[in-house]
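Biologist: Could you take me through this model slowly, one step at a time, so that I can follow how each answer is reached?

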Amino acid sequence: MKKRMAVLMLVALAGSMAAQQPAAEQKKLAFEVASIKLASPDAVRNQVMQPSPNRLHIASMTLTALIYAAYGDGGLNTSMRVTGGPDWISKTAFAIEGVASAPVSPRQLRLMLQTLLDERFALKIRNETETADMLAMVVDRSD
């Protein structure tokens, strides 16, 4: 057995927005206009569409999947695990529309999505490293 390091992302949803960010903090990328609504029950789940270089459209995605999309380097990052938060973050789906002021790269869209999640859900992310046991497959000897 080998040990590996896994990154845990702990989610804490703050009840209030009372804590203010320091003024000296670097300005984060943000959408010019954005909306988050409950998704339609018949919408296709977990599909990200980018119809234009400055627009993000997500028809239906849970908050857990949104965290993976925003922090997972362009997809469901299997090297991280989202833990914590209330049970609805894995059950309730949201529809997101975001428009940037100019054409942006996919990485910049993810950073804008991170800012949106921070602002609208009072999302707090903490990275932790955990040591875990795992099995490894190795090639058998040729003889």
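Biologist: Is Phe121 buried or exposed in this model, and what is its relative accessible area?
Modeller: This is a predicted model, so the values are computed from its atoms. A residue counts as buried when its relative accessible area is under 20%. Phe121 falls below that cut-off and is therefore buried, with a relative accessible area of 13%.

Biologist: How many aromatic pairs are there, and what is the geometry of Trp88 and Phe94?
Modeller: The count comes to three aromatic pairs. For Trp88 and Phe94, the ring centres lie 6.2 Å apart and the planes meet at 75°. Planes over 60 degrees apart count as edge-to-face, and so the pair of Trp88 and Phe94 is edge-to-face.

Biologist: Which kind of aromatic pair do Trp88 and Phe121 form?
Modeller: Their rings are 6.3 Å apart from centre to centre, with 35° between the planes. Because planes under 30 degrees apart count as stacked and those over 60 as edge-to-face, with the rest in a third class, the pair of Trp88 and Phe121 is tilted.

Biologist: How many residues apart in sequence are the parts that this pair ties together?
Modeller: Trp88 lies in the loop between strand S5 (80–83) and S6, whereas Phe121 belongs to helix H2. Trp88, Phe94 and Phe121 form one aromatic cluster. Since the pair of Trp88 and Phe121 joins that loop to that helix, the parts it ties together are apart in sequence by 33 residues.

Biologist: Where does Ala122 lie, and what is its phi?
Modeller: Ala122 sits in the loop between helix H2 (106–121) and strand S7 (123–134), and it is buried, with a relative accessible area of 4%. Most residues other than glycine have a negative phi. Ala122 is a residue other than glycine with a positive value, and its phi is near 50°.

Biologist: Why can strand S6 be called largely enclosed, and how many of its residues are buried?
Modeller: Strand S6 covers residues 93–99, and the rest of the structure largely encloses it because most of its seven residues are buried. One of the residues in the aromatic cluster, Phe94, is buried with a relative accessible area of 9%. For S6 the number of buried residues is five of the seven.

Biologist: Which strands are joined to S6 by six bridges, and in which direction do they run?
Modeller: Strand S2 (residues 33–38) is joined to S6 by six bridges, with Ala34 having Gly98 as its bridge partner in S6. Six bridges also join S4 to S6, and there His57 stands opposite Glu97 in S6. The strands asked for are S2 and S4, and each runs relative to S6 antiparallel.

Biologist: Which residue makes a polar contact with the side chain of Ser60, and at what distance?
Modeller: Ser60 is found in strand S4 (residues 55–62), and at 1% relative accessibility it counts as buried. Leaving out residues up to four places away in sequence, Ser60 touches several others, including Ala39, Arg45 and Phe94. The side chain that joins that of Ser60 in a polar contact belongs to Arg45, at 3.4 Å.

How values were computed: Residues are numbered from 1 along each chain as its sequence is written. This is a predicted model: local features need pLDDT of at least 70, side-chain atom pairs count only at pLDDT 80 or more; totals for chains, interfaces and linings use all residues. Side-chain values use heavy atoms; hydrogens and water are left out. Helices (H or I, at least four residues) and strands (E, at least two) are DSSP runs, numbered from the N terminus. Buried means under 20% relative accessible area, exposed over 50%, partly exposed in between (1.4 Å probe, protein chains only). A polar contact is a pair of N or O atoms within 3.5 Å; within protein, one must be able to donate a hydrogen and the other to accept it, and residues adjacent in sequence count only if both atoms are side-chain atoms. Contact means heavy atoms within 4.5 Å. Two strands pair if DSSP finds at least two bridges between them. Rings of Phe, Tyr and Trp (its six-membered ring) pair if their centres lie within 6.5 Å; planes under 30 degrees apart count as stacked, over 60 as edge-to-face and the rest as tilted.
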